Amino acid sequence: MGVTQKGKNKKTKMGKKDNSKAKEKKAERKAYEKKMNIGVANVKLANSVEDPLSILPKPFSVFNKNGLDLTLETVRAPAMEEKDLAWAFDTVKKTMKPMSDAAYKHDPEMEEEFGWKEDEKKKEMREDLAWYLIARTTEGNRRGLLSLQI
């Protein structure tokens with residue numbers, strides 16, 4: 001038997017609470033958790049690939065245009081030679097530090113939090129999951145790089 005709430009025509013069962021919102025929240029949370037788990041699994045799968053270029057057709061590992069002949073290689077930071085890591089850092093510093101300095105020069109608090117931090121950048125670039133795509137001439141000279149973490 002239902003009880004009529006004072007001032008309302010709605011009947012509820014004694015001791016039963018409408019928890020449809022809680023169920024909806026739980027379902028949303030479970031869906032989000034499932035989505036995140038899929039993302040984590042994909043990142044683990046991507047990081048398990050030893051050489052990402054090896055699974056692509058040959059044209060993706062070479063560049064030949066306007067007399068420029070380059071080969072592309074992928075390597076993780078721990079496997080890189082120190083001279084290549086130093087070159088990568090210098091290249092990133094040369095291109096990124098001026099942009100960072102310009103972005104935060106009028107806001108010391110933002111500069112403190114988000115500005116160029118050389119030691120942190122060096123550490124980040126040497127992390128186990130850091131990948132590098134390096135373009136080299138046929139003589140082995142470095143011409144460009146892309147650094148990324150998955």
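**Entry 1: serine 61**

I started at serine 61, which touches Leu53, Leu70, Thr71 and Leu72, leaving out residues up to four places away in sequence. Contact here means heavy atoms within 4.5 Å. The model is a predicted one, where local features need pLDDT of at least 70, side-chain atom pairs count only at pLDDT 80 or more, and totals for chains, interfaces and linings use all residues. I note also that residues are numbered from 1 along each chain as its sequence is written, and that side-chain values use heavy atoms, with hydrogens and water left out.

I looked up where serine 61 lies and found it in the loop between helix H1 (20-48) and S3. Helices (H or I, at least four residues) and strands (E, at least two) are DSSP runs, numbered from the N terminus. Serine 61 is buried, at a relative accessible area of 16%. The cut-offs are under 20% relative accessible area for buried and over 50% for exposed, with partly exposed in between (1.4 Å probe, protein chains only).

**Entry 2: the whole chain**

I counted four helices and six strands in the protein chain. Along the sequence they follow the pattern β-β-α-β-β-α-α-α-β-β. Of the 150 residues in the chain, 17% are buried. I took the accessible surface as about 12,200 Å², with 55% of it belonging to carbon and sulfur atoms; the areas come from the Shrake-Rupley method with a 1.4 Å probe, and for residues only the protein chains shown count as cover. Among contacts with a separation of 6 or more, 53% are between residues 24 or more positions apart.

**Entry 3: the sheet**

I traced an open sheet of four strands in the order S3-S4-S5-S6, with antiparallel pairing. Strand S3 (62-65) and strand S6 (142-149) are at the edges with a single partner strand each, so one side of each has no neighbour in the sheet. The twist from one strand to the next averages 20°. Two strands pair if DSSP finds at least two bridges between them. S3 and strand S4 (residues 68-76) have four bridges, in the antiparallel sense. Within S4, aspartate 69 stands opposite asparagine 64.

**Entry 4: asparagine 66**

I then went to the loop between S3 and S4, where asparagine 66 sits. The hairpin of S3 and S4 has two residues between the strands. Asparagine 66 has a positive phi of about 50°, although it is not a glycine. Asparagine 66 is exposed, with a relative accessible area of 78%.

**Entry 5: arginine 76**

I found arginine 76 in strand S4. Arginine 76 is 54 residues from alanine 130 in sequence, but the two are 5.7 Å apart in space, C-alpha to C-alpha. Setting aside neighbours within four places in sequence, I listed the contacts of arginine 76 as Asn47, Ser48, Val49, Asp128, Leu129, Ala130 and Trp131.

**Entry 6: H2 against H4**

Last, I looked at helix H2 (residues 82-104) and helix H4 (residues 118-125), which pack at an angle of about 130° with their axes 11 Å apart. This makes H2 oblique to H4. Angles under 35 degrees count as roughly parallel, over 145 as roughly antiparallel, 65 to 115 as roughly perpendicular, and the rest as oblique. The contact is made by Leu85, Ala88, Phe89, Val92 and Lys93 of H2 and by Glu118, Lys121, Lys122 and Met125 of H4. Axes are lines fitted to C-alpha atoms, for helices over the stretch in contact, and angles run from 0 to 180 degrees between N-to-C directions.
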